[in-house]
Amino acid sequence: MTKKKIRIQNAVTYGMVLIFWAVVEIMDRTGNLSSLLKGLLVPLCMYAILAVSLNLTVGILGELSLGHAGFMCLGAFSGAFLTNCLEGAVPSVGVRFFLALLLGALVAGVFGLLIGIPVLRLKGDYLAIVTLAFGEIIKNLINVLYVGYDANGFHFSMKDTTSLGLDKETGVILIKGAQGITGTPRAATFTIGILLLLLTLFIVLNLINSRTGRAVMSIRDNRIAAESVGINVTKYKLMAFSISAALAGMAGVLYAHSLSTLQASSNNFGYNKSILILVFVVLGGLGNMRGSIIAAVLLTALPEMLRGLNDYRMLIYAIVLIVMTIFNSSPKAIELRSVVMDKIRHKKTEKKEAA
Amino acid sequence: MKKLLAFGLAAAMVLSMSACGGTSTTENSQASGDATFKIGVIGPLTGPAAAYGQGVRNAAELAANEINAAGGINGVMIELNAQDDEHDAQKSVNAYNTLKDWGVQMIVGSVTSAPCIAVSAETEIDNMFQITPSGSAVECVAPDNVFRVCFADPDQGAAAAQYIGEHQLATDVAIIYDSSLEYSTGIREAFVEEAANQGLKIVADEAFTADNATDFSVQLTKAKDSGATLVFCPFYYQEASIVLSQANDMGYDPIFFGVDGMDGILSVENFDTSLAEGVMLLTPFSATEESSQEFTAAYEAAYGETPNQFAADAYDAMYAIKAAAETAGITPDMSASDICDAMKTAMTQISIDGLTGSGMTWNAAGEPNKAPKAAMIVDGVYVMQ
């Protein structure tokens with residue numbers, strides 16, 4: 001692809017997000033937005049960020065990671081922890097949220113780096129297994145973690161809240177094991193979500209079209225050839241993997257600040273969540289950021305839009321998923337699509353010629 | 001071309017079906033006009049916790065039909081709308097937003113604790129009256145517009161310890177609990193605290209998590225070796241059925257003492273119910289109890305299954321709404337926020353004789369005041385103690 005083409009493609013992606021934002025804002029201002037949609041906006045942004053960031057690992061780096069929910073979990077908990085911690089010191093929720101976003105991304109990124117050093121030596125299925133295990137470990141560790149503070153400082157425990165030994169008067173429990181963190185201020189808004197999505201796109205798209213991105217993709221396409229031209233495989237792999245993790249951590253902070261309860265349950269951060277994000281990426285197309293966003297938005301909104309069907313909605317959801325997969329990736333369907341496109345093109349040229 | 005056609009047809013089917021769904025609800029609300037109270041139910045209707053949500057939905061429906069047949073609330077009919085939350089906090093908020101689009105005025109839900117906390121935070125902003133049948137975590141009723149029918153987790157844990165202490169069931173107690181479940185850890189914590197006051201000695205304290213809830217041999221061996229004569233099991237009945245059969249396999253026969261989550265143990269498929277003989281549990285409701293006969297019969301006739309305590313809680317929640325609404329004198333044309341203000345005061349003034357307790361009253365914090373009841377399983381039925 002030429003530089004110009006790439007620029008146009010990227011502009012379309014940014015434009016799509018901005019138009020979505022503008023349309024929603026106009027609908028909201030004019031009172032045409034249902035409460036259901038309003039409530040869905042932040043999760044939509046969150047899943048879009050997660051899908052784009054995972055696409056960096058799976059589509060660009062070419063490594064199958066099933067631990068994305070684990071990084072999201074790390075970000076969510078460190079972010080929510082910070083926001084609740086600083087409640088007394090920094091009164092502005094906005095500032096605390098901003099700091100939480102930074103910390104969440106940092107913690108997830110650092111863990112991405114630490115995990116990446118041993119793990120990225122593995123390839124394919126093995127990497128998938130190890131990242132899956134990592135996600136589960138994170139979830140289970142947080143489930144037994146109790147943290148509180150009082151006048152004497154922070155207290156940690158892996159047992160229960162009584163063993164924290166908090167001062168009765170000044171003690172505040174921040175993380176309460178399986179009950180997680182409750183009472184995080186809901187600072188996440190749609191506009192912040194869109195800004196973060198744009199930031200994610202900016203980082204990922206610029207990375208792809210840079211020297212670094214080309215190096216990463218060359219590792220994906222042929223590791224031996226890449227090494228032979230002097231590309232530092234470990235460095236670039238780690239870089240892509242930890243950036244992807246940091247962005248997932250940021251999405252986690254967004255999630256933590258959109259609900260007043262945060263728990264490291266299997267439902268929220270289990271491997272099923274990782275697989276869900278992977279489904280967005282695969283359906284949207286490996287390496288295709290715009291596709292990831294569209295798939296994430298469609299598949300998140302769909303089960304909610306089908307609420308009218310009551311008990312059948314999850315069934316329909318599954319059918320739609322299968323149909324979409326076939327339409328998107330079965331060779332026959334692709335063939336069919338290109339035939340149809342060709343016909344349309346032919347007609348256009350014929351018309352032009354006739355005119 | 002065939003494939004494209006098939007895809008087109010499938011897409012058209014999906015669209016038309018979702019369109020049907022959409023229009024049917026609007027028709028409902030239009031046909032009934034404004035002269036009804038719109039009550040929304042939120043709970044897990046699908047997924048692993050579906051038994052609870054469905055129980056709540058069915059019982060709420062049953063109560064609504066009864067109330068409507070008896071002339072409604074001050075002559076105004078009730079309209080129900082149940083939304084699924086899959087036992088997920090985010091989905092629960094989505095369900096609440098869907099209900100808001102429908103024009104809901106009062107909420108019964110959410111059924112499970114974590115989703116309930118998330119929904120409470122939303123209803124607080126909208127000042128929407130909410131009563132949860134079974135959201136037992138402390139934080140569920142933190143906002144002053146939220147009430148609950150069940151006991152809070154710590155209250156149940158403390159009540160269990162008191163019951164064991166007062167009836168001198170045992171002195172050496174083992175605890176097995178689910179550390180990944182807030183319900184279980186909350187009860188356990190309060191139990192441990194109160195046990196000290198009751199002179200109970202906790203000789204074993206073993207945890208499991210949702211991911212390894214199929215093998216309890218390690219925990220049971222430790223409990224057995226520690227010489228405990230009573231095992232406190234603050235978790236749900238599916239796990240409890242496994243605990244009981246594994247304890248039987250290893251020839252360990254202490255008193256098993258459960259809380260309300262144990263309710264339902266007799267309905268577990270492929271479970272030898274004779275193993276549950278002598279199990280004690282704190283439960284607010286028993287289907288075989290004298291006072292609940294009428295409800296049980298009606299529920300079985302309508303839905304073909306025995307109601308669990310979640311259903312009983314929901315049934316009481318509906319009648320609490322009725323009593324409070326009549327006291328408050330609310331009308332359907334009031335805004336949800338005005339209704340909430342009136343209901344908040346009225347809730348603290350009413351007293352109802354429900355399935356889960358007689359003379360139930362509520363305080364302004366949203367907690368119910370009723371006596372804890374314990375049951376023992378004898379010959380396959382609950383015998384109230």
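**View 1. Strand 12 of chain B and strand 13 of chain B form a hairpin with five residues between them.** In the turn, G366(B) has a positive phi of about 100 degrees. The model shown here and in the other views is predicted. Strand 13 covers residues 368-369 of chain B, and two bridges join this strand to strand 12 of chain B. The two strands run antiparallel. One residue to look for is T361(B), whose bridge partner in strand 13 of chain B is N369(B).

**View 2. Strand 11 of chain B and strand 12 of chain B also form a hairpin, with two residues between them.** Strand 11 spans residues 352-354 of chain B, while strand 12 spans residues 357-362 of chain B. Here too the strands run antiparallel, and two bridges join them. Across the pair, I352(B) stands opposite M360(B), which belongs to strand 12 of chain B. In a regular strand, side chains alternate between the two faces of the sheet.

**View 3. Chain B touches chain A through 42 residues of chain B, which are in contact with 38 residues of chain A.** Four helices of chain B each give two or more residues to the side that touches chain A: helix 1 (2-32), helix 3 (89-102), helix 4 (113-126) and helix 6 (182-197). Helix 1 of chain B gives the most, with eleven residues. By residue type, the side of chain B that touches chain A consists of 16 nonpolar, 17 polar and nine charged residues.

How values were computed
Residues are numbered from 1 along each chain as its sequence is written. Chains are lettered from A and ligands numbered from 1 in the order in which they are written. This is a predicted model: local features need pLDDT of at least 70, side-chain atom pairs count only at pLDDT 80 or more; totals for chains, interfaces and linings use all residues. Two residues are in contact if their C-beta atoms, placed from the backbone, lie within 7 Å. Ala, Val, Leu, Ile, Met, Phe, Trp, Tyr, Cys and Pro count as nonpolar, Asp, Glu, Lys and Arg as charged, and the others, Gly among them, as polar. Two strands pair if DSSP finds at least two bridges between them.
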